[in-house]
Amino acid sequence: MELELEGADLKSVLNRLRRAQGQISGVIRMIEEGRDCEDVVTQLAAASRALDRAGFAIIATGLQQCVTDIETGRKNGEDTEQMRGRLEKLFLSLA
């Protein structure tokens, strides 16, 4: 399954990843500055959520593309059950 992100989907994923990148940089800076543990963990949790949301957005796009592939008969040699298994594995990797 090849992922094709375009337009709004691509922009949304990139924005989420850039947000996470900025938050992770902030966490590093906070640790270097000896900031309060609670503040560091709060910022780290925000970065984690941003990464999770980017991952789920990518998976959602992949699901949409898989459904389209199935409907048009382009399965790239995979049957429906194989595709379902791969997508389930992707979901669980973010859990």
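I began with Gln-23, which is buried at a relative accessible area of 14%, where buried means under 20%, exposed over 50% and partly exposed in between, with a 1.4 Å probe and protein chains only. Gln-23 sits in helix H1; helices are DSSP runs of H or I with at least four residues, strands are runs of E with at least two, and both are numbered from the N terminus.

Before going further I noted the ground rules: this is a predicted model, in which local features need pLDDT of at least 70 and side-chain atom pairs count only at pLDDT 80 or more, while totals for chains, interfaces and linings use all residues. Residues are numbered from 1 along each chain as its sequence is written, and side-chain values use heavy atoms, with hydrogens and water left out.

I then looked up what surrounds Gln-23, and, leaving aside residues up to four places away in sequence, I found that Gln-23 touches Gln-43, Ala-46, Ala-47 and Ala-50, a contact being heavy atoms within 4.5 Å. The side chain of Gln-23 also reaches the backbone nitrogen of Ala-47 at 3.4 Å.

For the overall fold I recorded 3 helices and 0 strands, which read along the sequence as the pattern α-α-α. Of the 95 residues, 22% count as buried, and among contacts between residues at least 6 apart in sequence, 69% join residues at least 24 apart.

Next I checked confidence, given as pLDDT, the predictor's confidence in each residue from 0 to 100. The protein averages 80, and 80% of the residues score at least 70.

Thr-61 lies in helix H2 (residues 37–72) and is buried, with a relative accessible area of 7%; its C-alpha is 9.7 Å from that of Leu-10, although Thr-61 and Leu-10 are 51 residues apart in sequence. Met-83 belongs to helix H3 (residues 80–93) and is buried at 4%, with 9.4 Å between its C-alpha atom and that of Leu-63, 20 residues away along the chain.

Which residues make the nonpolar surface patch? I listed Leu-10, Leu-14, Leu-17, Ile-24, Ile-28 and Leu-51, which together make a patch of about 440 Å². Patches are made of residues with over 30% relative accessible area and no salt bridge, with like charges joined within 9 Å and nonpolar side chains (Val, Leu, Ile, Met, Phe, Trp, Tyr) within 5 Å. H1 gives the most to the nonpolar patch, with 5 residues. Ile-24, in helix H1, is partly exposed at 36% relative accessible area.

My last entry concerns the 1 salt bridge of the structure, defined as a side-chain nitrogen of Lys or Arg within 4 Å of a carboxyl oxygen of Asp or Glu. The side chains of Arg-35 and Glu-33 form this salt bridge at 3.9 Å, N to O, and Arg-35 counts as partly exposed at 42% relative accessibility.

Key: Accessible areas come from the Shrake-Rupley method with a 1.4 Å probe; for residues, only the protein chains shown count as cover. A polar contact is a pair of N or O atoms within 3.5 Å; within protein, one must be able to donate a hydrogen and the other to accept it, and residues adjacent in sequence count only if both atoms are side-chain atoms.
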